[in-house]
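This report looks at how two protein chains meet and at a few details within each of them. Please keep the sequence and the coordinates at hand while reading.

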Amino acid sequence: MRKYWHRVDEIFGKAQEAYQDVPSAANWEKISGALDRGDAEAYKEKYLLWKRASLTLLLLLSFALYEITSVQVQKKSSLASIGSAPNKKADLSIGQPTLNARVANDNSDPSQSKTRTEYFPPDLFGSANEPQVASPIAGRELNLALQYNPVPEQINPATKNIFSNKSSGEAINRNISAKFIDPDNINPTRPKWTLSAFASSEWAGYRLDNDPPNNIASSQNQNKEDEADLINARERHQSSYSTGIFVSRQLDTKWGLKSGLIFSQTSISIIPQEIYATQTPDGSMAFKYVMSSGYIYVKPNRRRPIMVGDSIKSAAAQHQFTTLTLPMMVSRYFTKGRVTLIPSVGISLNYITRARFETELQTRRRTTYVFLTRLEGMKDFYVGALGDMDIRYAIGSRWSISMLPSFRYALTPITKDNVVRTFPYSFSLGGALSYTF
Amino acid sequence: MMAVCMWYAHNREEAEEILQDGFLRIFKYVHTFNRQGSFEAWIRSIMVSAALTKYRNKSARMWVVMDPEIDEDELFEEPIFASSYDEKELLKLVQKLPPMYRLVFNLYVFEGYKHKQIASLLDISEGTSKSNLHDARKILQRSIVVREQIAQIRIKTI
């Protein structure tokens, strides 16, 4: 009887392939409800992890930038105070000889000359070793000192008038304020942070280099067709976009550093093509679909095993990949009135967070829908160069809007072990809203 | 995928339960899809897995013996197969099989698993798997042959 079992199997096998059924609408509603309850939480948790990672990265980057710039600012401040300390003391006398000198002149005997700390409270001028940059409260303290400490009799009348006259004290105060208290004069290298949110439309492309060891066309085919040309002919870039935030640190009036996080999505359409069977790394046979970003092995569900030389037709395909970019750039500031031009150049660390590919494969008996979220031969990480021109217009003391043309180019390929090495690039034009603090 | 579930279930209600469970698994584990093979094949394997889970939980009721009403002599006669069958009728025949027979038959015939794999999936011995497949085939063959004979008798009477 066993000789008829293959017939039984065949009858039921054909019936199973031919049978079609659809679930009821209520069943889809149940599935949707269950997904809303359970998977929505998992979905949130998934992106919560990304948010945490991005925030941590941003904080670490901010801290590193702050540390670097703080050291630079301290060095510049020290140099400035060493070079200008005597002049700042001289400014206390409103363009006249220094207070110490005046006191010394009033006492012809050097041994009788008194230091400034004998006339004024010691905390007014601080110690000799302190940087002689007046604090914002110095002017106020000087007024108080003039009020509660009578001007010594040893000072000549002209000088005494300066100190005893209230208006002169105010003049000193104004002078101190003008010279020292003005934030721009306290430290001309005062750093500024700028936080910018931006969105831009991209014109993406890529440069393809043949990878000879894996270039099947050039190594096996007699006509030595160029894989790069074939891929270029098949693929078309579609509209892509970028969005993200920039954090800028202005170190002085001219130079600054810039970083942030950029999220980009690149879309590519691929025309229908015929794909051929090849041996996979595990030794089995499958159809290989090659594209610029990588390749996939497809094993359609069919009864006949895949043989060398078999081919299958694919419908038009859609391919997208998303990238998270960490830029590190140096900026130059050109300011005129409300407009600031800030060209920046630097390098970027890019993580390909997701690749999406979908198409349909057509066999004689059925159409197989192929949907993938990961490609073979595609790297997770690549290094790139980037530059932009931030054309910023101040709309307030802290807020500004920008037009942001930019350019990005991959320095390392996004593919490995593919028939081509792919270096994506993009031009973009976007807008940004910035807040300076 | 509903069609796949129908072949593994006893009726439509059970098939919809399997489909729901399968789709929840798909959405939960879609990130683990390893790109080996088509996405459709991966979804199908998830559905089969969901069906196995459902019936594995009812394993205590799965163990049955050969239908005693089957006439063994009839099975040794040369069967007559029709040139074509209605797949809905064949589906009903498979659905009427005892759960363990149905699972073993489906896994062997539709999914192409070997007895060793089936034994591992269903936590049974290879011998049991072979025995169940044998019994399932006998039941199904008897059903389709008898139906064909009835059909032929009807044609003759007309």
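What follows treats the fold of chain B, then a single serine, then the interface, and finally a helix of chain A.

The model is a predicted one, and the values below are computed from it. Chain B holds eight helices and zero strands, so that its elements, read from the N terminus on, run α-α-α-α-α-α-α-α. Of the 158 residues of chain B, 47% count as buried. Among the contacts in chain B with a separation of 6 or more, 70% are accounted for by residues 24 or more positions apart.

Within this chain, is Ser129(B) buried or exposed? Ser129(B), which is found in helix H8 of chain B, has a relative accessibility of 0% and therefore counts as buried, the cut-off being under 20%. Leaving aside residues up to four places away in sequence, Ser129(B) touches Val104(B), His115(B), Ile118(B) and Ile124(B).

Turning to the interface, 42 residues of chain B are in contact with 41 residues of chain A. The area buried between the two chains is about 3,900 Å², and carbon and sulfur atoms give 65% of that area. The rule finds two salt bridges across the interface of chain B and chain A; one salt bridge is formed by Arg137(B) with Asp9(A), where the closest N and O atoms are 2.5 Å apart. Counting residue pairs in which both residues have pLDDT 80 or more, three are in polar contact between chain B and chain A.

The elements that give two or more residues to the side of chain B that touches chain A are listed here.

| Helix of chain B | Residue range |
|---|---|
| H1(B) | residues 2-8 |
| H2(B) | residues 12-29 |
| H3(B) | residues 39-56 |
| H5(B) | residues 87-96 |
| H6(B) | residues 99-110 |
| H8(B) | residues 126-157 |

The largest share of this side, eight residues, comes from H2(B). By class, the side of chain B that touches chain A has 25 nonpolar, six polar and 11 charged residues.

In chain A, helix H11 spans residues 227-234, and its buried residues are Glu227(A), Ala228(A), Ile231(A) and Arg234(A). Why do they lie on the same side of H11(A)? These residues cover an arc of only 130° around the axis, which puts them on the same side of H11(A). An α-helix has 3.6 residues a turn, so residues three or four places apart point the same way.

Methods:
Residues numbered from 1 in each chain as written. Chains lettered and ligands numbered in written order. Predicted model: local features only at pLDDT ≥ 70, side-chain atom pairs only at ≥ 80, totals over all residues. Heavy atoms only, no water. Buried < 20%, exposed > 50% of the residue type's maximum accessible area, 1.4 Å probe, protein only. Helix = DSSP H or I, 4+ residues; strand = E, 2+ residues; numbered from the N terminus. Arc of directions from axis to C-beta. Contact = heavy atoms within 4.5 Å. Buried area = accessible area lost by both parts, 1.4 Å probe. Salt bridge = Lys/Arg side-chain N within 4 Å of Asp/Glu carboxyl O. Polar contact = N/O pair within 3.5 Å; in protein donor to acceptor, adjacent residues only side chain to side chain. Nonpolar A, V, L, I, M, F, W, Y, C, P; charged D, E, K, R; others polar.
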